[in-house]
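Subject: A structure for you to look at

Hi there,

I'm handing over the structure we talked about, so please open it and keep it beside you while you read. My notes follow below.

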Amino acid sequence: MSVAAASVRPGGGPAHKALARKVLGRIASGVVVLWAAITLAFLSVQIAPGDIVDIIVGDQIPTPAVAAAIRAEWGLDQPVIVQYFSYLGRVVQGDFGRSYMLQADVGPLLLSQVWPTLKLTMAGVLVAVVFALSMALLTARRPVAGRVASGIELFLVSTPSFWLGIVLLYVFSFTLKIFPVAGDRSLSALVLPALALGLSLGAVLGQVLRQSLERALEEPFALTVKSWGVTEATLRLRHALRHAAIPSVTLAGWLIGGLLSGTVITEQVFGRPGLGRITVDAVLSKDIPVILATAILSAAIYVTMSTIVDLLYLLLDPRLRRGGK
Amino acid sequence: MLTRRQFGSLIALTSLSVSLPQFLAAAPAPQAITFAIESEPTTLNPHLNGQAKARVVLRNLYDSLLARDEKGGYLPWLAQSYEASADGLTFDFHLRPGVNFHNGEALDAAALVVNFEHLRDPAYAANLAAGPASHLVKAEAIAPLHLRLTLAKPYAPFLGFAAGVDILAPSAYRSEQLKSGGPEVAGSGPFLIDTIAKGQEIRLRRNPDYAWAPANAEHQGPAYLEAVTFRILPESAVRVGALQSGQVDAIEGISGNDVALFRDDEGFSYISAFNTGTPYTLFLNSQSGPTAEQAVRKALRAAIDIPAVLQSIYRGERQRAWGISSPIEADLYDPAIENAWAFDPAEANRLLDEAGWTERDAAGLRAKNGTPLVIRIVQAQATVRDQRDVLLLALQAQARQNAGIQLELDYVDAGSYAERRKLGDYGSIPNSRTPADDGIDIEYHYLPLDEGGSVNYARVADPQVKAWLTQAAATSDLAARHALYAKVQDFVLREQGYALPIYVPEDQIAARADLTGLRFRPYFQQPDSLHGVRFDSEVAG
């Protein structure tokens, strides 16, 4: 986005202050959001049906001694309110408890899965952004090309990522043998999952971006800029794109936040490690420590994403940078 | 609309017509393989892991006291011999000398005492402590290589448990990794854990000192393969494609639709084995709802054409089940149950008419006194596998068309499942279980709920059944046990219709043709360790 930053730059002082205020405000509200996420998640798993002891016992024989041992092991013999505060206390110290089902500490477990998911998400977003930008810039206000692009995008949006993943694997891995099938081992193993994940996201963004781009190109400023004698490419890249970007950036931030849960199918198909699979398994088996920790993590990701989006607004639209009213 | 599974099969089928280049040309024999598996083990501690699907990994890491032959007889392994006292109360095991755990600790009677003491502790392995290990009162080292286990009262299935349980190094019980499993939870098996990449793969390397394989192993020394990578590929179609394109050397869990791809291709080998334990069965709630009526239970089984359903869903690659145990468990199973009832829609309708389910709604579904004939099938979402969701849809269609019975399918989370199961809030729970445990599984299914019937989904509370099961567990006379289990089977299935067995689950393994030695364990029928597996250059793809 260096293109955007290159133009009119208003006085630095107020802008920096506004920026600092924004960031500080964000951090404060972020902490509140995190606390609310923990509390809501804690409440909802308490309200959800089924006694934890019954779930952990599963098909085994629930003798009183077994039930008591389980309650003692997981601290379930305490009143719920005590469990809540002791959980909060431990979270503050970075202790997220131990998974009922995986029998492992949740903190290190999730940490080991963050990077694979983050890698996949970033690669997917890269695919999405490149795809959306090129589709929109090349085809906005070009009726035939626009219709073709729109058709491709519609197809991708309505394609389940499971299906897309299998088709990509079948063609590029099983038949052409260009990319390996699975795992998180090399960069080439990232290509197909990133495409499977990124293309449908890119298609959504592309549609939004093309529409706002077309609107921008119809505005009077476009004619003005054109009368300066700049090329069509410069008009689109330097001027129209910045006007058109804000809705797409908002949407992208929201979609990327949702990718955390959206990666599950891609991870499943490609046999990749990651948060998605762990989260789904935890929800299905009511593995409370993992559910709570992923709730905290996704709240943190949403807070981070929306902060980045807000900062991007400042970068994109000079009017917001002036600070104050 | 295609379901995901159907689509997977479609892709796999398409590949039949596309000639794939084979990667099996003679190359220097590699000493390592990659084995793609369906399910990631929840924990690598074998005592805490209840997944039958995890055995394919765990069997490589840990050994047991005795192995079994095809008929269930006991063979030397870590123990060279054993004696059971005449009163059935003590078992003496004489251990093989010179066996060491992966970490160098000696495998002796003292190490086994540590194991059995922990198995009795509910805070360690609750399921085992409350189950078979609850019969144990004392484990003692009589001599360095002489272990004695003493029971409170005779319990015939105990020997099978003690002989088959995985043995861990004593230091494992002090490790931080004990519950999750890991390299510190050492065993004595032919392989040990090299690295674990959660969600992706588990790498094993050869135990170079291994010299104590079970008596029926292919050879006694260290494994042929230097390393094995178990890669987790949950999607069936992806495992199939990975093997076909030579990216992995072996896979397990092959859907009925894909079997022909490997069985009929010279470039691959394919083996399968029926699981032991309880077949996939609809257990019908005998205490509440329409299924509390014997007539409804018998009408349901007469209304469903099981062979036709299995043919359409698995292409005939699954065998119909009849009994309370798997047909391969010769010591438990009585084939007299086969064909004890028949697909007979007229009979189903007659039974329901007689029982007063005569009202019909617009769709032809029956009701009695305004109560519709609905049987709610409750299944935990996490346990759906092997196309059982599609299978249940087919059963649903049959019951509706042939007898006006509505099967309602409820897929629920673990919490709802545990709650509804506890309260008996269901018409049927379908399930299968895969242990090899000398009849313990039959007890779990048919003893009263509060007396050890931990998976008594049919909620059978019959004193006669309990008496038969108790007698069977107390005798070591195999013929007498067989006769008692036959009585239980005849009563709960043929006479009462408490449960409707559907099919026998099985394990499947496909591999490149030059990889030899893959097999299922005799008697247990689960994938064996990879101790005897190697590349055979004579077998060209």
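Two residues are in contact here when heavy atoms of theirs lie within 4.5 Å. Please keep in mind that this is a predicted model.

Let's begin with one residue, B:Asn45. In chain B it sits in the loop between β1 (32-37) and α2 (55-58). Is B:Asn45 buried or exposed? Its relative accessibility is 0%, so B:Asn45 counts as buried. Setting aside neighbours within four places in sequence, B:Asn45 is in contact with B:Tyr124, B:Leu168, B:Leu178, B:Lys179, B:Ser180 and B:Gly181. With B:Leu178 there is a further detail: a polar atom of the B:Asn45 side chain lies 2.8 Å from the backbone oxygen of B:Leu178.

Next, have a look at where the two chains meet. Here 53 residues of chain B are in contact with 49 residues of chain A. The size of an interface is often given as the accessible area lost when the parts come together. Between chain B and chain A, about 4,200 Å² is buried, and carbon and sulfur atoms give 64% of that area. The rule finds 2 salt bridges across this interface, and one of the salt bridges joins the side chains of A:Asp54 and B:Lys422, at 3.1 Å from N to O. There are also 9 residue pairs in polar contact across the interface of chain B and chain A, with both residues at pLDDT 80 or more.

Which elements give two or more residues to the side of chain B that touches chain A? They are α1 (4-17), α4 (126-130), β10 (227-232), α6 (236-244), α12 (414-423) and β20 (428-433) of chain B. The largest share comes from α12(B), with 7 residues. Sorted by class, this side of chain B has 23 nonpolar, 18 polar and 12 charged residues.

Finally, turn to chain A, which is divided into domain 1 (22-106) and domain 2 (115-317). Their C-alpha centres lie 34 Å apart. In chain A, 25 residues of domain 1 are in contact with 19 residues of domain 2. These two domains bury about 1,900 Å² between them, 77% of it on carbon and sulfur atoms. On the side of domain 1 that touches domain 2, α2 (12-47), α3 (52-57) and α5 (80-92) of chain A each supply at least two residues, and α2(A) gives the most, with 11 residues. That side of domain 1 divides into 19 nonpolar, 3 polar and 3 charged residues.

Enjoy exploring!

Best wishes

How values were computed. Residues are numbered from 1 along each chain as its sequence is written. Chains are lettered from A and ligands numbered from 1 in the order in which they are written. This is a predicted model: local features need pLDDT of at least 70, side-chain atom pairs count only at pLDDT 80 or more; totals for chains, interfaces and linings use all residues. Side-chain values use heavy atoms; hydrogens and water are left out. Helices (H or I, at least four residues) and strands (E, at least two) are DSSP runs, numbered from the N terminus. Buried means under 20% relative accessible area, exposed over 50%, partly exposed in between (1.4 Å probe, protein chains only). A polar contact is a pair of N or O atoms within 3.5 Å; within protein, one must be able to donate a hydrogen and the other to accept it, and residues adjacent in sequence count only if both atoms are side-chain atoms. Domain bounds come from an automatic or database domain assignment. Buried area is the accessible area (1.4 Å probe) that two parts lose on being put together, summed over both. Ala, Val, Leu, Ile, Met, Phe, Trp, Tyr, Cys and Pro count as nonpolar, Asp, Glu, Lys and Arg as charged, and the others, Gly among them, as polar. A salt bridge is a side-chain nitrogen of Lys or Arg within 4 Å of a carboxyl oxygen of Asp or Glu.
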